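Welcome! Here is a short briefing to read alongside the sequence and the 3D view.

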Amino acid sequence: MEQKQLYLPQRDDRQTKRIVAYLKRLGLSERTIQKLFEEGLIYPDERSNAVFVNYAQSAAEVKGTAENSRFMPTYRIAPDRFWYIGKKGDKIYICASATDALALYELKGENAIYASMAGAT
């Protein structure tokens with residue numbers, strides 16, 4: 001069986017400040033923002049979009065950072081792949097998007113998985 005490859009938007013670290021400013025506008029703490037970058041769960045692309053990536057799941061979700069942006073494409077090698085933050089615990093929270101998962105992660109702060117279905121219904 002041929003192994004599928006995940007193709008993602010081109011990384012552009014020159015856009016990091018814009019992505020950090022976007023995450024702060026969402027109300028995320030410095031601690032959470034730092035965690036995202038340290039764990040490789042987010043990076044900026046060449047168009048200043050936030051790319052929420054989970055290499056273990058072979059999935060990514062892109063969010064436009066401009067005011068009122070509706071740009072949110074997803075990348076995955078299979079429909080059962082998803083983006084998440086957190087560690088295995090007794091709970092898993094299913095959210096509509098990576099930003100919703102991050103907001104709940106900040107609010108709850110408990111040992112759980114906060115997963116994004118990237119708008120899938």
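Serine 48 counts as buried because its relative accessibility is 5%, where buried means under 20% relative accessible area, exposed over 50% and partly exposed in between (1.4 Å probe, protein chains only). Please keep in mind that this is a predicted model, in which local features need pLDDT of at least 70, side-chain atom pairs count only at pLDDT 80 or more, and totals for chains, interfaces and linings use all residues. Residues are numbered from 1 along each chain as its sequence is written, and side-chain values use heavy atoms, with hydrogens and water left out.

- Serine 48 sits in the loop between strand E1 (42-44) and strand E2 (50-54); helices (H or I, at least four residues) and strands (E, at least two) are DSSP runs, numbered from the N terminus.
- The side chain of serine 48 makes a polar contact with the side chain of glutamine 15, at 2.5 Å. A polar contact is a pair of N or O atoms within 3.5 Å; within protein, one must be able to donate a hydrogen and the other to accept it, and residues adjacent in sequence count only if both atoms are side-chain atoms.
- Leaving aside residues up to four places away in sequence, serine 48 touches Gln15, Arg18, Ile19 and Thr65, contact being heavy atoms within 4.5 Å.

**Salt bridges**

- How many salt bridges are there? The count comes to five, taking a salt bridge as a side-chain nitrogen of Lys or Arg within 4 Å of a carboxyl oxygen of Asp or Glu.
- Arginine 11 is partly exposed at 43% relative accessibility, and aspartate 13 is partly exposed at 47%.
- Glutamate 39 forms a salt bridge with lysine 35, and their closest N and O atoms are 2.8 Å apart. Glutamate 39 is partly exposed, with a relative accessible area of 43%, whereas lysine 35 counts as buried at 16%.
- Glutamate 110 forms a salt bridge with lysine 91, with 3.4 Å between the closest N and O atoms. This pair links distant parts of the chain, 19 residues apart: glutamate 110 is in the loop between helix H3 (98-108) and strand E7 (112-116), and lysine 91 is in strand E6 (residues 91-95).

**Nonpolar cores**

- The largest nonpolar core has 21 residues, and Leu23, Leu36, Phe52, Trp83, Ile85 and Tyr114 touch the most other members. Such a core is a set of buried Ala, Val, Leu, Ile, Met, Phe, Trp, Tyr and Cys residues joined through side-chain atoms within 4.5 Å.
- At least two residues of this core come from each of helix H1 (16-25), helix H2 (30-38), E2, strand E5 (83-86), E6, H3 and E7. H3 gives the largest share, five residues.
- Apart from this core lies another, of five residues, including Tyr43, Val53, Ala60 and Val62.

- Which residues of H2 are buried? They are Thr32, Ile33, Lys35 and Leu36.
- These residues lie on the same side of H2 because they cover an arc of only 160 degrees around the axis, the arc being that of the directions from the helix axis to the C-beta atoms.
- The face turned away from the buried side of H2 carries the exposed residues Arg31 and Glu38.
- Among the elements that cover the buried residues of H2 are H1, E1, E5 and H3.
- Glycine 40 follows H2 and has a positive phi, near 65 degrees.
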